[in-house]
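Have a look at the structure first, then try each task before you read its solution.

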Amino acid sequence: MAATREPLRGGGITLPTAACRTFSTWRPSACGSQADPRPAARAPARRRKGVRMTVNEIRPAADPAQADPAQAAPAETGAAEPPVPGTGPGEAQAAATEAQAAATAVRAAKRRRRVRGDGVDLAVYEQGDPSRPTVLLMHGYPDTHAVWDEVAERLADRFHVVRYDVRGAGASSRPFGRRRYAFDYLMADLEAVLDATAPEKKVHLAGHDWGSIQGWEAVCTLPQRFASFTSISGPCLDHVAHWMRRRLRRPTPRNLRQAAGQTLRSWYIYLFQTPLLPEVLWRAGMARPFARALEAGEGVTPRPGHPARTLPRDGATGVNLYRANMRQRLRRPRERRTDVPTQVIVPTRDLFVSPHLVGGLAGRAPNLSLRTITAGHWVPRSHPDVIAEWIAEHVGVG
């Protein structure tokens, strides 16, 4: 069946809708509020295996008159006994609520540990109950795990949330040389984290920017480890290469516009291929202009953790991700495909990734859903409520 197209309001962008399970769009209200005007959708409850409950199983409390006489309350003597302090129903309920809140706070607290990857030590962070479904959030460049702080906080009461600083970023090791940042090493690191945090179950993966690029590689080469995948602003590099070639083989005005648009958005990739220059710029003080640009262009206010204090080193080291993988995959793309349920969240104001890149993606991810949001590239920071809820909903599907 030929794909039908539906124009997206506000951006003049046309995306394919055929072969996709859902297609949702969120935009801020006219008054500028960031809140989703629609009622928030809840993720479907996950029923524990082997446990079934029906309405008939919910029974009222036993009638005191039918209680065992040996356990019956003493008869009234005419004078009511004074209540023992701290044993009334109000105090008991308050104590139970306080205990439940304390337990929730403990589960939501961020726990850090070290995991040995492929020749590196990885800083791994966990929140939530490990017995619940595991959601792994992967960060991009030049971020650390902290870019997901707001989203992780909103998911930790429902899921076991795992994050880690990828090699070359944050508190993880920084191996020397571009070769050690190739996909083979990145996938070995990812498997080490999965083995340490969720060894016997499939994981729900969500990635942003380079975290999403790694995510595509993971669900295509290690599909048995994942129950679902949410991709945000980070396409499959092999798909990008095929997408660009198709448009250049048919040089219609529309195809040329789309190809040129993505080429302009990728200006920084060519800069990162230049020897030494990116490292010099980052270490010479580019972190401050980056933070100001993030606030002015994306509406993302700097806060403790993001941008990270390690940003100058993260930016200088992380360019090896581009040098080790981009040129090879764009020149000799592979045929990638995955049956893992995949959700692609498309920020329509992304300055680095064209929304048109989703064209033809359903052929590589048959179990695909698309969602658009009027936002910029750092949408996990600017719209954490929406992103957290969409990830939770997709987990219910996976």
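**Exercise 1.** Which side chains meet in a salt bridge at 3.7 Å, N to O?

*Solution.* Start with what you're looking at: this is a predicted model, where local features need pLDDT of at least 70, side-chain atom pairs count only at pLDDT 80 or more, and totals for chains, interfaces and linings use all residues. Residues are numbered from 1 along each chain as its sequence is written, and side-chain values use heavy atoms, with hydrogens and water left out.

Next, the term: a salt bridge is a side-chain nitrogen of Lys or Arg within 4 Å of a carboxyl oxygen of Asp or Glu. The pair you want is Arg158 and Asp157.

Last, check the surroundings. Arg158 is partly exposed at 27% relative accessible area, and Asp157 is partly exposed at 46%. (Buried means under 20% relative accessible area, exposed over 50%, partly exposed in between, with a 1.4 Å probe and protein chains only.)

**Exercise 2.** Find the partner of Glu217 in a salt bridge, and say where both sit.

*Solution.* The partner is Arg336, at 2.9 Å, N to O. The two are 119 residues apart: Glu217 is in helix H4 (residues 210-221), while Arg336 is in the loop between helix H9 (311-331) and strand E10 (342-347). Helices (H or I, at least four residues) and strands (E, at least two) are DSSP runs, numbered from the N terminus. Glu217 is buried, with a relative accessible area of 8%, and Arg336 is buried too, with 13%.

**Exercise 3.** Work out whether the length of helix H6 agrees with its residue count, then sort its sides.

*Solution.* First, the length. The expected span is 1.5 Å times one less than the number of residues. For the 13 residues of H6 (residues 253-265) that should be 18 Å, and the end C-alpha atoms are 18 Å apart, so the two agree.

Second, the buried residues: Asn255, Gln258, Ala259, Gly261 and Gln262. They cover an arc of only 155° around the axis, so they lie on the same side of H6; the arc is that of the directions from the helix axis to the C-beta atoms. An α-helix has 3.6 residues a turn, so residues three or four places apart point the same way.

Third, what's around them? The buried residues of H6 pack against helix H5 (237-249), with contact meaning heavy atoms within 4.5 Å. On the other side of H6, Pro253, Arg257 and Leu264 are exposed.
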